[in-house]
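Colleague: I would like to go through this model with you, one question at a time. Please give the cut-offs as you go.

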Amino acid sequence: MWHEGLLLKLRKYNLPTKLTRWIASFLSHRTTNFKIGSSFSSPLHITTGTPQGSTISPILYIMYVGDIPQPENRFTQISQYADDIAIWTSHINPVRTEEYLQQYINSINQWCHDWRLELNPKKSQILYIAKHNRLRRQPYLTLNNTVIPVTNQVRFLGIHIDRGLTLGYQHRLTHRKVKQRVRLLFRIAGTTDNPLASPSTTMKIYKMMIRPLIEYAAPAMLTSPQTT
């Protein structure tokens, strides 16, 4: 995240002057160095990024990427959470779908270049979803002159999405994780004749370790087609 670019955007948001100055002071005069063996490098002035672990850093990043380009047609949409981005296009013509996606990828990539951000082609994937495979060839999309690989399954915000939208792997993965933790909970709780933990403690462990696994992505899994 480019400091000068962030401050420019904060001014456009019409934030109070004192707050903008405070953020500028928070980001300025930061240095870092490297240690190799017993030797240290000279201090390097930091002009990008925010301190990791700072409570204000995620907010500054959201404000920095808040003006990311939006799709120019009604077929293409974008979902974003922090630095994870998913874009998709729905069209009866697969060739037109490919054109829409490539145009939007180029638009986002140019915006990233202007604001000194970089997209990683190695972490990008293509997932083609259709009732019937109308493609005569694999989708061909590029990012930074690198071909984006086509896959049968992608992971977005911890959810594994497959071509049939069955979420079959997500179901199996959740079941396996829950089963493992239930076995662990049984060992912690003990038996009726030999309890090792109180019922209240057992319930707290269940709510912390098992229930979140079951509830995460539950709306999506409950509405997905039945699968094994």
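Colleague: At what angle do helix α1 and helix α3 pack?

Modeller: This is a predicted model, where local features need pLDDT of at least 70, side-chain atom pairs count only at pLDDT 80 or more, and totals for chains, interfaces and linings use all residues. Residues are numbered from 1 along each chain as its sequence is written, and side-chain values use heavy atoms, with hydrogens and water left out. Helices (H or I, at least four residues) and strands (E, at least two) are DSSP runs, numbered from the N terminus. Helix α1 covers residues 3-12 and helix α3 residues 57-64; their axes are 9 Å apart and the angle is about 75°.

Colleague: Are α1 and α3 roughly parallel or roughly perpendicular?

Modeller: Axes are lines fitted to C-alpha atoms, for helices over the stretch in contact, and angles run from 0 to 180 degrees between N-to-C directions. Angles under 35 degrees count as roughly parallel, over 145 as roughly antiparallel, 65 to 115 as roughly perpendicular and the rest as oblique. With an angle of about 75°, α1 and α3 are therefore roughly perpendicular.

Colleague: Which residues of α3 make the contact with α1?

Modeller: Contact means heavy atoms within 4.5 Å. From α1 come Gly5, Leu6, Lys9 and Leu10, and from α3 come Leu60, Met63 and Tyr64.

Colleague: How does α1 lie relative to helix α2, roughly parallel or roughly antiparallel?

Modeller: Helix α2 spans residues 17-27, and the axes of α1 and α2 are 10 Å apart. The angle between them is about 170°. That makes α1 and α2 roughly antiparallel.

Colleague: Which residues of α2 make the contact with α1?

Modeller: On the α1 side the contact uses His3, Leu6, Leu7, Leu10 and Arg11. On the α2 side the residues are Thr20, Ile23, Ala24 and Leu27.

Colleague: What is the phi of leucine 157?

Modeller: β11 and β12 form a hairpin with two residues between them. Leucine 157 is in the turn, and its phi is positive, about 55°.

Colleague: How far apart in space are leucine 117 and glycine 158?

Modeller: Leucine 117 lies in the loop between α4 (94-114) and β7 (126-127). In sequence, leucine 117 and glycine 158 are 41 residues apart. C-alpha to C-alpha, the distance in space is 24 Å.

Note on methods. Pairing = 2+ DSSP bridges.
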